[in-house]
Amino acid sequence: MDKILRYFPELTGRQREQIAALLPLYEDWNSKINVISRKDMDCFYEHHVLHSLAIAKVQPFKTMAEILDVGTGGGFPGIPLAIMFPHANFYLIDSIGKKIKVVQNVVEQLGLQNVRAEQIRAEQVEGEYDFIVSRAVTDLSQFVQWVRGKVSKTQYHHLHNGILYLKGGDLAEELKPFGKKVKVWEISNFYSEEYFETKKVIHLPL
């Protein structure tokens, strides 16, 4: 929690309560089904919450923004972002039912009114979204195929509507097909922890 507050001191009392409640909720669920690796649970706030919130450093979401989180797993990056931006709307999807069950319970326990979660494949999703977020579920070219046609044409954010993708490592080859359209932020510019040294936020307008 201290790390979250160091980088996001503007959080309200309610937001701090919700973020503090995340760890016991996920510890309880992890004792029943393996949602998050045991090793990662030791660094829960750094590896999951802070990592998810790197997107907030790149693009704060405005009131009534529509955000789709594809392959949300246990609810990342969607749940931390939904806490951070309570006036934006989040639709969290995953093809694995037991993970969505966890997400739905966490959302209910936290009282998040701006989140809905569903077991569905990205290709089956209808509607248009300002941004589609995800944590490295696949190669970016493949991801674009899944979500093409689901981005709204109405622009009202600083960044052009499209994909905001969390991924690490050397991405030169993976990003080559997108040329100058793609923009990359080093998360180490936002956070000092060693964990983020090779991790990035990728923006691809669609």
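How many bridges join β1 to β4, and in which sense do the two strands run? Three bridges join them, and β1 and β4 run parallel. Two strands are taken to pair if DSSP finds at least two bridges between them, while helices (H or I, at least four residues) and strands (E, at least two) are DSSP runs numbered from the N terminus.

The model is predicted, so local features need pLDDT of at least 70 and side-chain atom pairs count only at pLDDT 80 or more, whereas totals for chains, interfaces and linings use all residues. Residues are numbered from 1 along each chain as its sequence is written, and side-chain values use heavy atoms, with hydrogens and water left out.

## The sheet

Seven strands form an open sheet with mixed pairing, in the order β3-β2-β1-β4-β5-β7-β6. The edges are held by β3 (115-119) and β6 (183-186), each of which has a single partner strand, so one side of each is left without a neighbour in the sheet. Direction ignored, neighbouring strands of this sheet are turned by 20 degrees against each other on average.

| Strands | Sense | Bridges |
|---|---|---|
| β1 and β2 | parallel | five bridges |
| β2 and β3 | parallel | five bridges |
| β1 and β4 | parallel | three bridges |
| β6 and β7 (199-205) | antiparallel | four bridges |

V70 stands opposite I93 in β2, and I67 stands opposite F131 in β4.

Strand β1 (residues 66-70) is mostly covered, with four of its five residues buried; here buried means under 20% relative accessible area, exposed means over 50%, and partly exposed lies in between (1.4 Å probe, protein chains only). From β1 the chain crosses through α5 to β2, and this β-α-β crossover is right-handed. A crossover is called right-handed if, with the strands pointing away from the viewer, the path from the first strand over the helix to the second runs clockwise. The crossover from β2 through α6 to β3 is right-handed.

Contact means heavy atoms within 4.5 Å, and the angles, which run from 0 to 180 degrees, are taken between the N-to-C directions of lines fitted to C-alpha atoms, for helices over the stretch in contact. Helix α6 (residues 97-110) packs on the sheet by touching β2 (89-94) and β3, and its direction makes about 165 degrees with that of β3.

Which residues of α6 are buried? They are I100, V102, V103, V106, V107 and L110. An α-helix has 3.6 residues a turn, so residues three or four places apart point the same way. The buried residues of α6 pack against α2 (13-30), α5 (78-84), β2 and β3, whereas K101 and E108, on the other side of α6, are exposed. Just after α6, G111 takes a positive phi of about 70 degrees.

## Selected residues

T72 lies in the loop between β1 and α5, and with a relative accessible area of 2% T72 is buried. Not counting residues up to four places away in sequence, T72 touches G78, L92, I93, D94, I100 and V103.

L140 is found in helix α7 (residues 140-147), and at 0% relative accessibility L140 counts as buried. Leaving aside neighbours within four places in sequence, L140 is in contact with I163, Y165, E174, L175, F178, I202 and L204. The C-alpha atoms of L140 and P177, which are 37 residues apart along the chain, are separated by 9.7 Å.

E17, by contrast, has its place in helix α2 and is exposed, with a relative accessible area of 52%. Between the C-alpha atoms of E17 and V184, 167 residues apart along the chain, the separation is 32 Å.
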